[in-house]
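Please read them with the model open.

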Amino acid sequence: MSTVTTGAPDALPPGWPTTQAEATAVQDELRGRVVLDEPGPVPGEPLIVVGVDVAYDDERDAVAAAAVALDATTLDVVEQATAVGRVAFPYVPGLLAFREIPTVLAALDRLGVTPGLVVCDGYGLAHPRRFGLAAHLGVLTGLPTIGVAKNPFTFRYAPPGPRRGDTSPLLDGDEEVGRALRTQDGVKPVFVSVGHRVSLDHALGHTLRLARDFRLPQSTRAADALCREALRATSG
DNA sequence: GCGACAG
DNA sequence: ATCTTGTCGC
């Protein structure tokens, strides 16, 4: 297993929006490029899964991202990379991607392996304009992506059954935008939605396998720990 | 108008 | 996300 760490902060992608109006316009333009008709990698088959996450120090205007590649069969870490930068956008519900993606892209670029699936901390299709973080990252990278969120955001759901693997629809009105998934007996569900080039069934299958030992996918846990560590290494 | 609101 | 001690449990 190898680790790559950042040197200098990274430039924003060209044309990165500054205002909320610009950001929603970008979402409305890019959402047409999301691919929803591919099943994506099959759960249980050999796969490199990459978890991404971001940590902030708003005081110092600093952000650190981590990308951790796991063997989906063993959940062992294969490779990991981090990137640090400056906060590119304020936190606005519905516009999370503009805050997280620039540094996440930098971390992904430093990874030597090609991800077979990227697991994001947040939502994909389950989004006010159907273009959450995971969908956005998928369109920008072309990689299969899914979103696994810890909270239901603005959506409704009936509690899934009490056992690991039980699910219930995540609803925006009448529309199913994802699924609440119980990953361990008796724990709070996580909220899974499609990002890019992965079906909902496969997204659920991958999430359940990645959450073999804990409520959250191992990819998310590993990326969370690493980006916090990278942030500490930057500031204190 | 008010409250809710991924991370 | 982040601020934060002790505490209950495996």
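**Notes on the predicted model**

1. Start with Tyr-91. An N or O atom in its side chain sits 2.9 Å from a phosphate oxygen of DNA strand B. Keep in mind that this is a predicted model. Tyr-91 is also listed among the closest residues to DNA strand B, together with Gly-94, Tyr-123, Lys-150 and Asn-151.

2. The bases of DNA strand B are contacted through the protein backbone. For Leu-133, a polar backbone atom lies 3.2 Å from a base nitrogen.

3. How many residues surround DNA strand B? The count is 19. They split into 8 nonpolar, 6 polar and 5 charged. Helix α2, residues 96-109, gives the most to this surface, with 3 residues.

4. Of the DNA strand B atoms within 4 Å of the protein, 47% belong to sugar or phosphate. The rest belong to bases.

5. Which residues surround DNA strand C? They are Ala-55, Tyr-56, Lys-150 and Arg-228. By class, the surface near DNA strand C has 2 nonpolar residues, no polar ones and 2 charged ones.

6. For Arg-228, a polar side-chain atom is at 3.4 Å from a phosphate oxygen. Tyr-56 uses its backbone: an N or O atom there lies 3.5 Å from a phosphate oxygen.

7. Is Val-177 buried or exposed? Its relative accessibility is 3%, so Val-177 counts as buried; the cut-off is under 20%. Val-177 is found in strand β9, residues 175-181. Leaving aside neighbours within four places in sequence, its contacts are Leu-125, Ala-126, Arg-130, Phe-155, Leu-170, Leu-171, Asp-172 and Ser-193. Gly-116 is 61 residues away in sequence, and the C-alpha atoms of Gly-116 and Val-177 are 23 Å apart.

8. Now take Gly-15. This residue is in the loop between β1 (2-4) and α1 (20-30). Its relative accessible area is 70%, so Gly-15 is exposed, the cut-off being over 50%. Val-26 is 11 residues from Gly-15 along the chain, and their C-alpha atoms are separated by 9.7 Å.

Definitions and conventions. Residues numbered from 1 in each chain as written. Chains lettered and ligands numbered in written order. Predicted model: local features only at pLDDT ≥ 70, side-chain atom pairs only at ≥ 80, totals over all residues. Heavy atoms only, no water. Near = heavy atom within 4 Å. Polar contact = N/O pair within 3.5 Å; in protein donor to acceptor, adjacent residues only side chain to side chain. Nonpolar A, V, L, I, M, F, W, Y, C, P; charged D, E, K, R; others polar. Helix = DSSP H or I, 4+ residues; strand = E, 2+ residues; numbered from the N terminus. Buried < 20%, exposed > 50% of the residue type's maximum accessible area, 1.4 Å probe, protein only. Contact = heavy atoms within 4.5 Å.
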